[in-house]
Amino acid sequence: MDWVTVIGYLAALCSMTSFTPQVWKIIKTRDTSSISAPMYAIYVLGLAFWLIFGILKNEWPLIITNGVCLVLSAFILVMTLLPRAKKDAVADVLDPATSSTERSVGRARLADPKTKRSK
């Protein structure tokens, strides 16, 4: 395998996994207040076009990468647009272990300016 192909695989891997921390944070905290819905809507549309382009060109690296990124970013967009109760319901299905008490403590910690955030 040549180095150009390796770089392409690494780029695809980074692109596909870049959304997972945000998705997991939304599932855990249910907080999407700092996410720009219009930006994500445009981005999801762009990924859909890239996916269509990949399908039309029969380019599997484009199809797989943009398909995965489209699903993850569409999830973020949908969670951003959902009302709080529905957002909680979706997140509860995906992570039933996080109770409402844990989320309340997490939100209180985020709201407290004295609390240091860990990186």
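The structure is a predicted model, in which local features need pLDDT of at least 70 and side-chain atom pairs count only at pLDDT 80 or more, while totals for chains, interfaces and linings use all residues. Residues are numbered from 1 along each chain as its sequence is written, and side-chain values use heavy atoms, with hydrogens and water left out.

**Overall make-up**

- The protein chain has 6 helices and 0 strands; helices (H or I, at least four residues) and strands (E, at least two) are DSSP runs, numbered from the N terminus.
- Read from the N terminus, the order of elements is α-α-α-α-α-α.
- Of the 119 residues in the protein chain, 28% are buried. Buried means under 20% relative accessible area, exposed means over 50%, and partly exposed lies in between (1.4 Å probe, protein chains only).
- Among contacts in the protein chain with a separation of 6 or more, 65% are between residues 24 or more positions apart; contact means heavy atoms within 4.5 Å.

**Helix H2 against helix H4**

- Helix H2 (residues 20–29) and helix H4 (residues 60–81) have axes that come within 10 Å and cross at roughly 30 degrees. Axes are lines fitted to C-alpha atoms, for helices over the stretch in contact, and angles run from 0 to 180 degrees between N-to-C directions.
- The crossing of H2 and H4 is left-handed, a term used if the near helix is turned anticlockwise from the far one by less than a right angle, with right-handed used if clockwise.
- On the H2 side, Thr-20, Gln-22, Val-23, Ile-26 and Ile-27 take part, and they meet Leu-72, Phe-75, Ile-76 and Met-79 in H4.
- The residues of this contact comprise 7 nonpolar, 2 polar and no charged. Ala, Val, Leu, Ile, Met, Phe, Trp, Tyr, Cys and Pro count as nonpolar, Asp, Glu, Lys and Arg as charged, and the others, Gly among them, as polar.

**Aromatic pairs**

- The whole structure holds 2 aromatic pairs. Rings of Phe, Tyr and Trp (its six-membered ring) pair if their centres lie within 6.5 Å; planes under 30 degrees apart count as stacked, over 60 as edge-to-face and the rest as tilted.
- Phe-19 and Tyr-43 form a tilted pair, because their ring centres are 5.8 Å apart and their planes stand at 35 degrees.
- Phe-19 lies in the loop between helix H1 (3–17) and H2, and Tyr-43 lies in helix H3 (residues 37–57), so this pair ties together parts that are 24 residues apart in sequence.
- Phe-19 is buried at 8% relative accessibility, whereas Tyr-43 is partly exposed at 34%.
- Trp-50 and Phe-53 form an edge-to-face pair, because their ring centres are 5.7 Å apart and their planes stand at 85 degrees.
- Trp-50 and Phe-53 are 3 residues apart in helix H3, so about one helical turn separates them.
- Trp-50 is partly exposed at 47% relative accessibility, and Phe-53 is partly exposed at 38%.

**Two buried residues**

- Thr-65 lies in helix H4 and is buried, with a relative accessible area of 13%.
- Apart from neighbours within four places in sequence, Thr-65 contacts Ala-12, Ser-15 and Met-16.
- Val-44 lies in helix H3 and is buried, with a relative accessible area of 15%.
- Not counting residues up to four places away in sequence, Val-44 touches Leu-70, Ser-73, Ala-74 and Leu-77.
- Val-44 and Leu-72 are 28 residues apart in sequence, and their C-alpha atoms are 9.3 Å apart in space.
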